[in-house]
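Subject: Model handover

Hi,

Here is the model for you to look over. My notes come after it.

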Amino acid sequence: MNIIEPPAPRVQAPPRGMLLHCGAEIVSREQLFAVATPPGTQTWYPLSHRTILGEVETQLETSGFTILEETHALSHEGARYFAVMSVTLPNRGQADFGWIVGIRNSHDMSYPAGLVAGTRTFVCDNLCFSGEVRISRKHTRFAERDLRHLTARAVGQLGDRFHHLDQRVLAYKEERITNKRAHDIIIRAVDCAAITPAQIPDVLMQWRKPEHEAFEPRNAWSLFNAFTEAHKTVNPHTALRRGEALHGLFDAETGVALTS
């Protein structure tokens, strides 16, 4: 008789600093599901955090993605939800970084439900998001009715996004960066709001004396991770905005924006 092994449970990933700052709190799935969805109005129809998560998980698995880890966080008394899922595809080769999907939803009209693609650097567990895919432009009357279709379309875009992220990382690794150029990029990162002036010393320290051997090569990938190390101290919503700005800056430096 064939014995079918049950699927391995997904891991609730260790708390990451990014999700613990500025009021965000790591929660279990049970705590997440216990959050009540507020009543809607004539023009606003909030979606439950549980519904959003369930639809995203279903569509990811339907599209062939395997969910390896998950971390859920709430802030503003449960009104704002953010999740990070590590995902992969069966045919993806080995790499020193992984793919992540960020999910967000709100019950206080602060932003619509959405997905964001990103990377996770294994050696230091740094995260960086790149570009949001909205599930619903806003919480409209028929948002819940249309949720499955909207989520399927959003998840369908992730494959191309992840392919582009892989190309980005390769380009970053091939771009040599001198100290003088690194200093210039750091200043321009402040100008484009990828970091704050107060974070300059942290980025410089990570660039000059990397904590991890993998980032000792003097290339754009090493400098990029010096920035993402500093991003660990901000909340996920701020990290999302700064990650997009950071990618824009490095894409311009490495020519990714011109060739993608």
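Below are notes on a helix pair, a loop and some aromatic rings.

This is a predicted model: local features need pLDDT of at least 70, side-chain atom pairs count only at pLDDT 80 or more, and totals for chains, interfaces and linings use all residues. Residues are numbered from 1 along each chain as its sequence is written, and side-chain values use heavy atoms, with hydrogens and water left out.

Helix pair

Helices (H or I, at least four residues) and strands (E, at least two) are DSSP runs, numbered from the N terminus. Take helix α5 (residues 158-174) and helix α8 (residues 220-230). Their axes come within 5 Å and cross at roughly 110°. Axes are lines fitted to C-alpha atoms, for helices over the stretch in contact, and angles run from 0 to 180 degrees between N-to-C directions. α5 and α8 are therefore roughly perpendicular to each other (65 to 115 degrees). On the α5 side, Val169, Tyr172 and Lys173 make the contact (heavy atoms within 4.5 Å). On the α8 side, Ala220, Trp221 and Phe224 do. By class, that is 5 nonpolar, no polar and 1 charged residues. Ala, Val, Leu, Ile, Met, Phe, Trp, Tyr, Cys and Pro count as nonpolar, Asp, Glu, Lys and Arg as charged, and the others, Gly among them, as polar.

Loop

Most residues other than glycine have a negative phi. Histidine 76 has a positive phi, near 55°. Glutamate 77 also has a positive phi, near 55°. Histidine 76 is in the loop between β3 (66-75) and β4 (80-88), and glutamate 77 lies in the loop between β3 and β4 too. Histidine 76 is partly exposed, at 46% relative accessible area. Glutamate 77 is exposed, at 87%. Buried means under 20%, exposed over 50%, partly exposed in between (1.4 Å probe, protein chains only).

Aromatic rings

The count is 9 aromatic pairs. Rings of Phe, Tyr and Trp (its six-membered ring) pair if their centres lie within 6.5 Å; planes under 30 degrees apart count as stacked, over 60 as edge-to-face and the rest as tilted. Phenylalanine 65 and phenylalanine 162 have ring centres 5.9 Å apart and planes at 70°, so the pair is edge-to-face. Phenylalanine 65 is in the loop between α3 (49-62) and β3, and phenylalanine 162 is in helix α5, 97 residues apart. Both are buried. Ring pairs also link Phe97, Tyr172, Trp221, Phe224, Phe227 and Phe250 into a cluster.

Best wishes

Methods:
Parallel < 35°, antiparallel > 145°, perpendicular 65-115°, else oblique.
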